[in-house]
Amino acid sequence: MSNEFVNRRNIQWFPGHMAKTLRLIEANLKNVDVVLQLLDARIPLSSLNPELQRLTASKPRLYVMNKADLADPVLTKAWQAYFRAAGAGCIAISAKQKGSAGQVRSAIEAELRELLEKRAGKGMSGARIRVMVVGIPNVGKSTFINNFAGTTRAKAADKPGVTRGKQWVTVGNYDLLDMPGVLWKKFDSLETATNLAFIGSIKDDILDIEELAMGLVAQMQTVYPDRLAQRYKLSEELVTELGPWELVEAIGRARGMLVSGGEVNTERAAIMLVDEFRASKWGRITLETPPHREEQQDGNEQPSV
Ligand code: G4P
């Protein structure tokens, strides 16, 4: 698998409406007090959009690692510590679960403490708190806003890349500005691109599902081989010894996904594997571990937080 994994298929993961979204975000920054960037707790760094980092650098920011219910809780804690060590406000939530809105409210108020105290000093404590909500497609922005608002106001898009216009959602003393999901033009590594594809933030119809499944299985072989072994009733030894493609075939065979002649229907097996990962059938999984801060500075590949 090469770096052409996504590129050679002329992938439009950055369609015109995303460029528009970035301009919209930039133009609206002056209207908000804080920017909430939703991350996917399974891939906190790969889901951190460097373009959004650059655009919002001058604003108070809070990172919200969403879908924590799907991620490895130990690594979620480690990621929180990583962000906090970098001086960045960061919390982990499951937007689908009740209570996440309260957690975010408290975190916003902590992040904006100085501003809120200043406002109170001027007798403006009733002033509205304006929050811009940004993130990659499919990260759970609509779900989060619905939960925060206690309604199903914002449309939950079932496919990444669905265009949605800018919209304000008013809840108590909060005004939330919901921005469409946005990726960035050039991924700096194959790992970032594949991680985004694994979680479904790049549209599947522009990806090769068999390569995707193979990449996913390869990663599982190094980080969580036991999960694959358990789920597909294979020995852990086999899971670690086979090449990733052979493992996709072995899993397809174990699931009886055969075509006439006894060959494995690898496309079916691949679809099943990607679906099962996304539905967390393999348990709670985090695909990235926090880098040591020195490594990050040396490599300088990832956006700083
Ligand atoms: P977006 O606006 O950022 O594009 O994301 P959206 O809220 O539409 O959420 C994308 C998918 O992620 C939805 O699933 C949603 O239910 C799911 N999701 C959002 N937050 C969480 C979370 O904290 N935990 C889990 N497990 N899932 C979450 P879907 O399958 O596309 O839709 P649906 O069948 O759930 O309605």
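This report describes selected helices, loop residues and contacts in a predicted model.

## Helix 2

Helix 2 covers residues 16-28. At 1.5 Å a residue, its 13 residues should span 18 Å, and the end C-alpha atoms are 19 Å apart, which agrees.

The buried residues in helix 2 are His 17, Met 18, Thr 21, Leu 22, Ile 25 and Asn 28. Around the axis they take up an arc of only 150 degrees, so they sit on the same side of helix 2. On the face turned away from that buried side are the exposed residues Gly 16, Lys 20 and Arg 23.

## Helix 4 and its ends

Helix 4 runs over residues 73-85, 13 residues in total. From first C-alpha to last it reaches 18 Å, close to the 18 Å expected at 1.5 Å a residue. Leu 75, Thr 76, Trp 79, Gln 80, Tyr 82 and Phe 83 are buried in this helix. Viewed down the axis of helix 4, the buried residues fall within an arc of 160 degrees, so they line one face of the helix. The face turned away from the buried side carries Val 74, Lys 77 and Ala 85, which are exposed.

The N-terminal end of helix 4 is capped by Asp 72. A side-chain oxygen of Asp 72 lies 3.0 Å from the backbone nitrogen of Val 74. Val 74 is also one of the exposed residues on the face away from the buried side. Just after the helix comes Gly 87, with a positive phi of about 80 degrees.

## Helix 5

Helix 5 consists of 12 residues, 100-111. Its first and last C-alpha atoms are 16 Å apart, close to the 16 Å expected at 1.5 Å a residue. Buried in helix 5 are Ser 100, Ala 101, Val 104, Ala 107 and Ile 108. These residues cover an arc of only 125 degrees around the axis, which places them on the same side of helix 5.

## Helices 9 and 13

Helix 9 (residues 209-223) packs with helix 13 (residues 266-278) at an angle of about 55 degrees, and the two axes are 8 Å apart. That angle makes helix 9 oblique to helix 13, because angles from 65 to 115 degrees count as roughly perpendicular and those under 35 degrees as roughly parallel. The crossing of the two helices is left-handed.

Ala 269 belongs to helix 13. Its relative accessibility is 0%, and Ala 269 therefore counts as buried. Ala 269 and Met 257 are 12 residues apart along the chain, and their C-alpha atoms are separated by 6.7 Å.

## Loop residues with positive phi

Most residues other than glycine have a negative phi. Two non-glycine residues with a positive value are described here: Lys 67, with phi near 65 degrees, and Ser 280, with phi of about 50 degrees.

Lys 67 is in the loop between strand 2 (61-66) and helix 4. Its relative accessible area is 19%. Buried means under 20%, so Lys 67 falls in that class. Ser 280 is in the loop between helix 13 and helix 14 (293-299). With a relative accessible area of 25%, Ser 280 is partly exposed, as that class lies between the 20% limit for buried and the 50% limit for exposed.

## Ser 46 and its polar contacts

Ser 46 lies in the loop between strand 1 (34-40) and helix 3 (50-55). It is buried, with a relative accessible area of 1%. The Ser 46 side chain makes a polar contact with the side chain of Asn 195 at 3.1 Å. The side chain of Ser 46 also makes a polar contact with the side chain of Glu 288, at 2.5 Å.

## Val 169 in strand 5

Strand 5 (residues 167-171) includes Val 169. Val 169 is buried, with a relative accessible area of 0%. In sequence, Val 169 and Phe 148 are 21 residues apart; in space, they are 9.6 Å apart from C-alpha to C-alpha.

Conventions. Residues numbered from 1 in each chain as written. Predicted model: local features only at pLDDT ≥ 70, side-chain atom pairs only at ≥ 80, totals over all residues. Heavy atoms only, no water. Helix = DSSP H or I, 4+ residues; strand = E, 2+ residues; numbered from the N terminus. Expected span 1.5 Å × (residues − 1). Buried < 20%, exposed > 50% of the residue type's maximum accessible area, 1.4 Å probe, protein only. Arc of directions from axis to C-beta. Polar contact = N/O pair within 3.5 Å; in protein donor to acceptor, adjacent residues only side chain to side chain. Axes fitted to C-alpha atoms, helices over the stretch in contact; angles between N-to-C directions. Parallel < 35°, antiparallel > 145°, perpendicular 65-115°, else oblique. Left-handed = near helix turned anticlockwise from the far one by under 90°.
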